[in-house]
Amino acid sequence: CSACVVLGGGGYNPWTTVRCWVGLWGRLAGFDFPDQLPQNVQNILGRFDSDLIDEEDRNESWLTSLQDKPNFGEVRENVKRLTQILKSR
């Protein structure tokens, strides 16, 4: 498309929400993702807090990388169906 409007909401997990938006804008702008985030960015992410996520449930990669490791688990049927609908347009 020659012009796009990208909209979105927030999220309940501040680490994944920030990483998602930075990754999306970086990808749209044509940037490559570093293997590891710079230390100053890791320091900022390390200061985040959330009442909804216990400290022991926080994933270390949320502080060090924009990309999650691939998840090769089962894909729900409704997700497969929606993906096919989007791909057909």
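Me: Why is R19 called buried in this model?

Reply: The model is a predicted one. R19 has a relative accessible area of 3%, and buried means under 20%, so R19 is classed as buried. The residue lies in helix α1.

Me: What makes the contact between R19 and D68 a salt bridge?

Reply: The side chains of R19 and D68 meet with a distance of 2.6 Å, N to O. The rule asks for a side-chain nitrogen of Lys or Arg within 4 Å of a carboxyl oxygen of Asp or Glu, so the pair qualifies as a salt bridge. The pair links distant parts of the chain, with R19 in helix α1 and D68 in the loop between α3 and α4, 49 residues apart.

Me: Is D68 buried or exposed, and how do you know?

Reply: D68 has a relative accessible area of 52%. Exposed means over 50%, so D68 is exposed.

Me: How many salt bridges does the rule give?

Reply: The count comes to three salt bridges. Besides the pair of R19 and D68, D49 forms one with R58, the closest N and O atoms being 2.7 Å apart. The side chains of K80 and E77 meet in another, at 3.3 Å, N to O. Each of these distances is set against the limit of 4 Å.

Me: What separates K80 and E77 along helix α4?

Reply: K80 and E77 are three residues apart in helix α4, which means a separation of about one helical turn. K80 is partly exposed at 36% relative accessibility, whereas E77 is exposed at 54%.

Me: Why is the ring pair of W15 and F48 called tilted?

Reply: The ring centres lie 6.4 Å apart, and the limit for a pair is 6.5 Å, so the two rings count as a pair. Their planes stand at 45°. Stacked needs under 30 degrees and edge-to-face over 60, so the pair is tilted. W15 lies in helix α1 and F48 in the loop between α2 and α3, 33 residues apart.

Me: What makes the pair of W15 and W62 stacked?

Reply: The centres of these rings are 5.7 Å apart and the planes are at 25°. That angle is under 30 degrees, so the pair is stacked. W15 lies in helix α1 and W62 in helix α3, so the pair ties together parts that are 47 residues apart in sequence.

Me: What makes L24, W25 and L28 a nonpolar patch?

Reply: L24, W25 and L28 form a nonpolar patch on the surface, with about 300 Å² of accessible area together. A patch residue must have over 30% relative accessible area.

Definitions and conventions: Residues are numbered from 1 along each chain as its sequence is written. This is a predicted model: local features need pLDDT of at least 70, side-chain atom pairs count only at pLDDT 80 or more; totals for chains, interfaces and linings use all residues. Side-chain values use heavy atoms; hydrogens and water are left out. Patches are made of residues with over 30% relative accessible area and no salt bridge: like charges are joined within 9 Å, nonpolar side chains (Val, Leu, Ile, Met, Phe, Trp, Tyr) within 5 Å. Accessible areas come from the Shrake-Rupley method with a 1.4 Å probe; for residues, only the protein chains shown count as cover. Rings of Phe, Tyr and Trp (its six-membered ring) pair if their centres lie within 6.5 Å; planes under 30 degrees apart count as stacked, over 60 as edge-to-face and the rest as tilted. Helices (H or I, at least four residues) and strands (E, at least two) are DSSP runs, numbered from the N terminus. Buried means under 20% relative accessible area, exposed over 50%, partly exposed in between (1.4 Å probe, protein chains only).
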